[in-house]
There are 2 protein chains.
Amino acid sequence: MKIYFVTGNESKFKEVNSVLDFIEQLDIDLPEIQEIDSQKIIEEKLKVALNHTDGKFIVEDNSLLINGMNGLPGPQIKWFLKTIKNEGLYNLTKIFGTEATAKVIIGLAENPDSIRYFEGVIEGDIVSPRGENGFGWDAIFQPKGYDKTFAEMTHDEKNNFSMRRIAVEKLKDYLNNNA
Amino acid sequence: MKIYFVTGNESKFKEVNSVLDFIEQLDIDLPEIQEIDSQKIIEEKLKVALNHTDGKFIVEDNSLLINGMNGLPGPQIKWFLKTIKNEGLYNLTKIFGTEATAKVIIGLAENPDSIRYFEGVIEGDIVSPRGENGFGWDAIFQPKGYDKTFAEMTHDEKNNFSMRRIAVEKLKDYLNNNA
């Protein structure tokens, strides 16, 4: 049975496809519910995907949590970027501290009763924007133990240890052990 | 044809019902999409409601915008309350200023091709929490021209000029003129 990665984002698909070469891209629009719990967002999307066609599906959710904000922005990071931008996110650290968590959760639905989640987490700090690579909030996120932001790393440097990579490797292990 | 106000919130229903005595409450669960545009949130909810039963439907969305945050928290205010609470929202004013907009938008769907929106807006300032009445962010919102927060006003005092009241009166005018 085919495994579809539901995404409209080509570069996300390539990143995941480089580890899992048997998956196929499915670019359909799935509704995103208003939540700060990524698993609930993924669950709703997978339910819709399962009604779309036969197959197994994966969906990912990407979030940035400022630790002092108890879960915010979380999956709502895209609205923070649209409104207050990286500069405003950096300003938030003056109140809530710089410690932050970058997270990717991948959900795998083999059927409606069986959704499994694979999580990749990188701890870091929100810093004043630096670097030109990547996208989104890459310029303000500096992983612990590094002196570069994601936007100052090359594509390969970042992908070697990114939260998406960690989550995909966990999914790969699961699929290999349950083929 | 019946007009249903879709809400699980009894006190919101009473407030609207006191102006529009012919509406009925319909307590069904409508999905809330992740958006900062209230009209899009309302539109998706009304589409689901119209598939539920025959009738006309009203849905409301309540939001708080910190003017310096370009639309945040907006309809996502409930997640800000859950995570950083009123104290954290007040702290945001140290970066983004105190000016804020309280907004209620009511959507009326007579059929899928005709959704009308009625807006009530109150300008104010975010202040350090004061008062025990009301709920949500009432304790930190002080309308322009008043020296009390919403939480320091009685129920009747607030309802006389609230953003919900303004929106409901506009809806009433529309319904009276199009009966």
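1. Contact here means heavy atoms within 4.5 Å, and by that rule the contact takes 21 residues from chain A and 21 residues from chain B. The model is a predicted one, in which local features need pLDDT of at least 70 and side-chain atom pairs count only at pLDDT 80 or more, while totals for chains, interfaces and linings use all residues. Residues are numbered from 1 along each chain as its sequence is written.

2. Between chain B and chain A an area of about 2000 Å² is buried, with carbon and sulfur atoms giving 67% of that area; buried area is the accessible area (1.4 Å probe) that two parts lose on being put together, summed over both. In chain B, the residues that lose the most area to chain A are Gln34(B), Trp79(B) and Thr83(B), which together make up 37% of what that side buries.

3. Across this interface of chain B and chain A the rule finds zero salt bridges, a salt bridge being a side-chain nitrogen of Lys or Arg within 4 Å of a carboxyl oxygen of Asp or Glu.

4. On the side of chain B that touches chain A, the residue classes are 12 nonpolar, six polar and three charged, where Ala, Val, Leu, Ile, Met, Phe, Trp, Tyr, Cys and Pro count as nonpolar, Asp, Glu, Lys and Arg as charged, and the others, Gly among them, as polar.

5. The lining of the largest pocket has 14 nonpolar, six polar and 13 charged residues, and the lining of the second largest pocket has 13 nonpolar, seven polar and 11 charged residues. A pocket is an open set of points on a 1 Å grid over the protein atoms alone, where a 1.4 Å probe fits, with protein on both sides within 12 Å along at least five of seven lines, and lining residues have an atom within 4 Å of a point.

Technical notes
Chains lettered and ligands numbered in written order. Heavy atoms only, no water.
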